[in-house]
Amino acid sequence: MKFIALAMLVMLATSQEFIEFYSAFQNSDVAQLDGWTIQGSLSKAQADNFFTCSDASVFGGPKAFGKGAIVTKQFQLPPHFQIKISVEVWKFDAWDTQRQFFYLDNYLWETMWTGSDGTKRCATPAGGNVNSFQVDQTITHNHAALFIAFASSADKSADKMSWGFRNLKLSYLPCPAECGTCLGPDAIVCQMWVPVSSSWIKTIEADGWSAKGSSNVIKTSTCAGIPIIGGPGNFGNNVSIQKIFDKLAPHYRIKVIAQFWKIDNWDNDNAVLYIDNQEKWKQNVAQVEDKEFFICDKITPGGVDGTEKIINVNFESPHNYGAALVKWTSTTRKSSKQASWGIRQFQLYVAQCSSNCATCTGPSAEDCTACVSPYILLDPEDGNGSGCILKGDWVEFTSEFQGSSWTANEDWKVSDGKNGPDFTSTCGEFKFFGGYEKTGKDAKISRKFNLPAHKRIRIAFEAWKIDNWNGEDYIVKVDGLSVWKRTFGFGDPGLADICGGDGFENYAIVDFVMGHEASTLDLVISTTIGKNNDNASFALKGFKLFYEKPDACATLYTECNYTGKSFNMCEDLPNFQLAKYPSKIKSIQVPAGAKVILFDEMDYNGKTIEYSENQKCIEEYQYKFLQKNQQSYVLTANS
């Protein structure tokens with residue numbers, strides 16, 4: 001027996017513990033077949049997919065898996081950076097250097113069997129030797145989905161040459177809780193990555209992508225039960241697929257994680273990824289690749305029996321534009337029946353700038369080079385710190401859902417929620433408004449605020465997603481206008497499964513400033529969740545609303561008793577006439593703590609009159625405009 005393992009094996013010592021997410025085939029219970037795709041089995045009876053040998057129950061064996069058999073299963077995973085597999089592999093009867101193998105995504109394990117391997121441990125149809133041994137491997141892996149495929153190059157039917165496996169266990173090593181994707185256990189090098197979009201992890205559909213070239217339609221195919229975009233008969237020569245991702249958060253790098261499938265007979269061709277029409281990644285596939293196996297069925301008519309190669313893409317590059325055009329293609333010159341390609345498990349991330357930073361060179365506040373309006377950038381040399389701060393005279397209007405002992409204000413409303421009228425919930429040590437079995441599909445949380453005079457508002461809170469979101473949006477609207485949105489799905493940084501159903505919880509910080517002067521504010525929080533709310537729900541925590549006081553404006557009237565035409569004077573005016581203000585002023589309202597000073601020459605020159613309180617009717621002075629140099633006018637007071 002010859003043993004071969006192809007992939008990057010992980011030998012890193014770590015203090016973290018693996019989390020087991022799948023275990024099966026310790027016995028012959030057919031319920032374990034749920035989710036598995038079985039192709040090419042000798043028997044159609046489910047019970048025949050198991051074979052007992054010396055009290056060991058094997059999935060496969062002489063009644064099931066021989067020539068052409070392949071079994072596959074898919075999994076969705078939280079952020080992680082290693083996968084561990086433990087499994088017993090078995091061969092039955094007379095093999096002649098054929099190979100048994102399995103894929104864990106792009107990782108390939110294989111072994112070569114001969115007829116002399118093993119002993120006659122149990123009776124088989126062909127009366128040959130039986131052998132088995134334990135396989136334990138740990139591999140690098142950080143994709144949101146995983147498929148496993150067991151197969152062989154056996155060239156006889158299962159009753160003459162067969163294989164199987166038992167005691168399958170799969171585990172992952174999780175990313176730090178702060179990270180949505182990672183390559184190791186250090187949060188410092190991964191916490192800046194935030195998810196932008198994911199496609200083709202749980203469902204296979206166009207999802208906003210378009211095709212160009214010899215095919216202008218996004219098509220799908222299935223290889224051994226594994227769905228992919230493109231594939232045999234779909235994507236061949238002169239085909240590309242692309243999508244524009246806009247409204248990206250301010251960032252300084254971009255990351256693409258995906259799985260590229262090379263299918264059938266390539267001839268030293270390249271798989272290629274473009275970002276913003278620049279080639280950023282490519283991998284050459286030789287005419288004869290070492291250790292490839294058949295996974296996809298031949299297209300008929302006109303197809304060929306070629307082998308498949310699975311390439312895990314994990315690419316990052318400097319990037320700071322507000323949008324990104326992502327394009328996949330290949331350089332193959334053959335038709336899609338002869339040589340094709342496909343994509344699975346696409347994920348896009350950006351390395352985000354610090355809070356309220358518009359452009360940056362890195363993740364920290366010190367790396368910020370410009371701030372989003374209305375924030376301003378601090379100069380570290382001034383000794384006041386670094387990063388972006390918000391200037392203005394701000395007042396906290398309300399602070400709610402803080403801690404765990406609060407009671408929700410009755411002005412908060414929930415439409416299409418469940419299990420009301422109390423819409424509070426708990427999640428571990430946290431208390432939420434909304435949440436599990438409260439606010440899910442179609443639910444909306446709303447409140448109307450009556451505000452004093454103001455010119456801008458700031459809203460801040462924690463937006464929580466609960467359980468299994470699949471690329472759905474958490475949306476905040478003010479007065480009907482969408483002002484904040486975050487997509488949650490695969491690859492989100494997750495704290496843990498701390499509440500709700502079978503899924504991971506995560507949150508994003510909502511913190512935005514917008515111009516707003518109306519006396520009322522209508523807030524609506526909703527999502528695009530497409531499931532029942534016991535599978536996915538949303539909540540909020542730690543809500544705060546601030547308003548910025550309006551500028552201290554004096555109001556000037558053309559008549560006594562604050563009547564007639566009026567205008568506000570909110571800032572210094574060096575020239576009244578150019579501001580198109582009226583020439584006659586009879587009353588003035590002066591804001592508390594402010595002072596109105598009038599000059600008899602423009603540009604704040606000449607004699608002055610000061611008012612520090614309201615003037616109901618001004619009679620002791622005559623105000624008129626006097627021409628100065630026949631071009632400019634100033635307001636002048638004459639006794």
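Hi everyone, let me start inside the protein: C53 and C122 are both buried, where buried means under 20% relative accessible area, exposed over 50% and partly exposed in between, with a 1.4 Å probe and protein chains only. Please keep in mind that this is a predicted model, so local features need pLDDT of at least 70 and side-chain atom pairs count only at pLDDT 80 or more, while totals for chains, interfaces and linings use all residues. Residues are numbered from 1 along each chain as its sequence is written, and side-chain values use heavy atoms, with hydrogens and water left out.

Back to our two cysteines. C53 and C122 form a disulfide with the sulfur atoms 2.0 Å apart; a disulfide here is a pair of cysteine sulfur atoms within 2.5 Å. The S-S torsion of C53 and C122 is about -100°, so this disulfide is left-handed. C53 sits in strand β4 (residues 50–53) and C122 in the loop between β9 (107–114) and β10 (130–140), so the pair ties together parts that are 69 residues apart in sequence. Strands are DSSP runs (E, at least two residues), and helices are H or I runs of at least four, numbered from the N terminus.

How many disulfides are there by this rule? The count comes to eight. Another of them joins C371 to C388, again with 2.0 Å between the sulfur atoms. Its torsion is about -90°, so it is left-handed. C371 belongs to strand β25 (residues 368–371) and C388 to strand β27 (residues 388–390), so this pair links parts 17 residues apart in sequence. C371 counts as buried at 18% relative accessibility, and C388 does at 16%.

Now to a phenylalanine. F461 lies in strand β33 (residues 456–467) and is buried, with a relative accessible area of 2%. Strand β34 (residues 472–478) and strand β35 (residues 481–488) run antiparallel and are joined by seven bridges; two strands pair if DSSP finds at least two bridges between them. In their hairpin, with two residues between the strands, D479 takes a positive phi near 50°.

Last stop: an open sheet of five strands, paired antiparallel in the order β14-β17-β22-β19-β20. Its edge strands are β14 (210–213) and β20 (278–285), each pairing on one side only. Thanks, everyone!
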